[in-house]
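These are my notebook entries on a single model.

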Amino acid sequence: MTTADLQVLLKRHFGYDQFRPGQEEIISNALAGRNSLVVMPTGGGKSLCYQLPALATGGVTLVISPLIALMKDQVDGLRSNGIAADFLNSTLDNRTAAEVERGAQAGAVRLLYVAPERVSMPGFRRFLGTLDLRMIAIDEAHCISEWGHDFRPDYRTLAELRALFPQTPVMALTATATERVQRDIVEQLRLDDCRRFVSGFDRPNLTYRVEPGAGASDALLDLLEERKGQSAIIYCFSRKDTEELANRLTSAGHPAVAYHAGLDTNTRRLTQERFIDGDVPIVAATIAFGMGIDKPDIRLVVHHALPKSIEAYYQETGRAGRDGLPSECVLFFNEGDRAKQEYFIQSMTGEARAVAERQLQQMVDFCRLSTCRRRYLLQYFGETETREACGNCDTCLAQRQEVDVTVVAQKVMSAVIRTGERFGFAHVGNVLLGKNLKRVRELEHDKLTVFGIVDDYDHDGLRRVADGLVDRGLLSKAEGKYATLSLTREGRVWLRGHDPLTLELRIPEATKRAKPSRTGRGGAVDTVDSALFDRLRALRRRLADEENVPAFVVFGDVTLRGLAAAMPVTTQDMLRVSGVGPAKLERYGEAFLTVIRGHVNSIPPASVDNVLPVRGNVGTPRSTTGHIADDRRLTDTHNRTHQLLQQGLTIAEIATSRGLTHGTVMAHVERIVKAGKTVDLTPLLPARERTERIATALQVTDSDRLAPVKELLGDDYSYDEIRLVRLALQEAKV
């Protein structure tokens, strides 16, 4: 199958004009009948890597997915794209399950989703033998590895599928796998001949922040207030914590529900469905919630407790911003948090305990960073990162200033010496601040001359100074669980001298959250019409409720924003918006176009055809009742485009200067003219000969649709040229 053939399927069923990086190569490998391991960041388009081959090859593709609650959403999404899909799990009664099996045997199902537990059942394996099985896709493949963060014994039985179906290609997929876990996946699934596709772990649309655990309650409320009504997951340590936090947030005006493994199956299912459907915006959950959750518009993931490993943290934060739009990941950290995780680690033995201790220490090291957090994450997963700063984590975004730390540095280094150079910063800081703690008293460090000698820094401020001294090479910090501080040779030399010392320190006020940059996938500036976006969201909600599916199954936020920016008024224009394919256009197109047309004209959609321009009065179209068109419906983005038009800029120049697409600016021009603003269209029109030919074609076809005109003129003429000439004809300027 050629690239052109694959792109036809991509547009027809998924609404995209081109593949994301890495997808086409993975799909081609699958179509060639070869095994593959796909490691791709959440939101990178892993699912399409097996869904599109399923369309191209025919037969049945078996998809093994760990969450039963997720299967229905995935199947609903595929069906809305015109793809035959179904699932088999414990929620189905025997009669329904038998119908699904018969459909798969008859070739009426292209993708069949099942849980890993079902694969071990002898009856199900016999059923698989009756299918035209073309491919096996194993999602969340890291669950097969004991070295991964979410090991599931049921995944180990999947290796037996290789013996039953040795000629059927297998695609194992995950967003989270170190090099060691990747090797283990290949070994456990017996995929020795597979190709590995590692697309990178960077999620550029996510902002990573670590904030002090002290004051977390107020800081969390501020976060939720900034993102009022948006979807958020808050991970807590215990079941009790989730319930208390959900009640507290709800009382504070932020509706939230709790989710944990102690709830009965039906309550867990309903809770997850309410969150996915958007009925409740916030879930306070233990880590039992969310693996593989297919909700693209989660804007905030908060860790109210310390994750047990970098893998777990990356997987959990990866649930934010799957649609590529800006989202935030915030972790509240206390030095004492590690003790809760260590309590469970103590029950382990042997290598498992050593691995858990090492993973926890790496997580603590991440929280203590004074350098780029994204760089640390990428290097953890073995990805080379050349940038020193990503520009989108708290340490990179923080404002810094040169501070004279001569006196406080002397105090810190003296305290390190007085306490024997065998303690970490947490204890040294407590001594300097004069904390009346049991541990300090037991060691009689409350009797030291350095006890309580600092009153102009808090604990966080002192830590920033200590980190700066480590970076400068004056202090040394041991690796591992006990990150004890000691003086270096250079530090001892400096301490004996009297040289002043300045460090570039973060300004504490700068740790407050900045508004995320208004960029989405690819860095395009977000210039949507907010009023139209809200109307489209309301329509999406209504359609989703009618079909009993999550809202994003209709259209995701990225597509809605594309519609709100481009404001298409014809089916052909709507097809140009990313995420709109023929299947969804046929299903939802007219409903969305009706809302967009009504918004563009600011009159009831049914009355659009009653507005007729009066020839001769350029820029002041009048209705049949004689009223001048209301120009107050223009937004700031339209007015900015109008200003640039008046300055003589072309549509292409405006698009470049404002970071918009050509089609979006064209839609602005149409709306500006219809709103009654003065616009000289003559400089924007194509050459006179082309304009005359387009005008003739418009008269010959006598259609409100542009497609017949384009078909008559041929590929040498663009839709935008036709739209401009039509607009000029309506204004009697040709």
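**Accessibility terms.** I call a residue buried under 20% relative accessible area, exposed over 50%, and partly exposed in between, with a 1.4 Å probe and protein chains only.

**Basis.** I worked from a predicted model, in which local features need pLDDT of at least 70 and side-chain atom pairs count only at pLDDT 80 or more, while totals for chains, interfaces and linings use all residues. Residues are numbered from 1 along each chain as its sequence is written, and side-chain values use heavy atoms, with hydrogens and water left out.

**Confidence.** I noted pLDDT, the predictor's confidence in each residue from 0 to 100. The chain averages 82, and 88% of the residues score at least 70. Residues 509–526 have a pLDDT below 50, and this stretch has 34 contacts in the model beyond near neighbours in sequence; contact means heavy atoms within 4.5 Å.

**Sheet.** I used DSSP runs for helices (H or I, at least four residues) and strands (E, at least two), numbered from the N terminus. Strands pair if DSSP finds at least two bridges between them. I found an open sheet of seven strands in the order 3-4-2-5-6-1-7, with parallel pairing. Strand 3 (85–88) and strand 7 (195–198) are its edges, each pairing on one side only. Strand 3 pairs with strand 4 (residues 111–114) over four bridges, and Asp 86 has Leu 112 in strand 4 as its bridge partner. Helix 5 (residues 94–105) lies across strand 2, strand 3 and strand 4, at about 135° to strand 3; axes are lines fitted to C-alpha atoms, for helices over the stretch in contact, and angles run from 0 to 180 degrees between N-to-C directions.

**Salt bridges.** I counted a salt bridge where a side-chain nitrogen of Lys or Arg is within 4 Å of a carboxyl oxygen of Asp or Glu. The whole structure holds 32 of them.

Asp 86 also meets Arg 79 in a salt bridge (3.2 Å, N to O). Asp 86 is buried at 16%, whereas Arg 79 is partly exposed at 38%.

Arg 576 and Asp 573 have their closest N and O atoms 2.7 Å apart. Here Asp 573 is buried at 7%.
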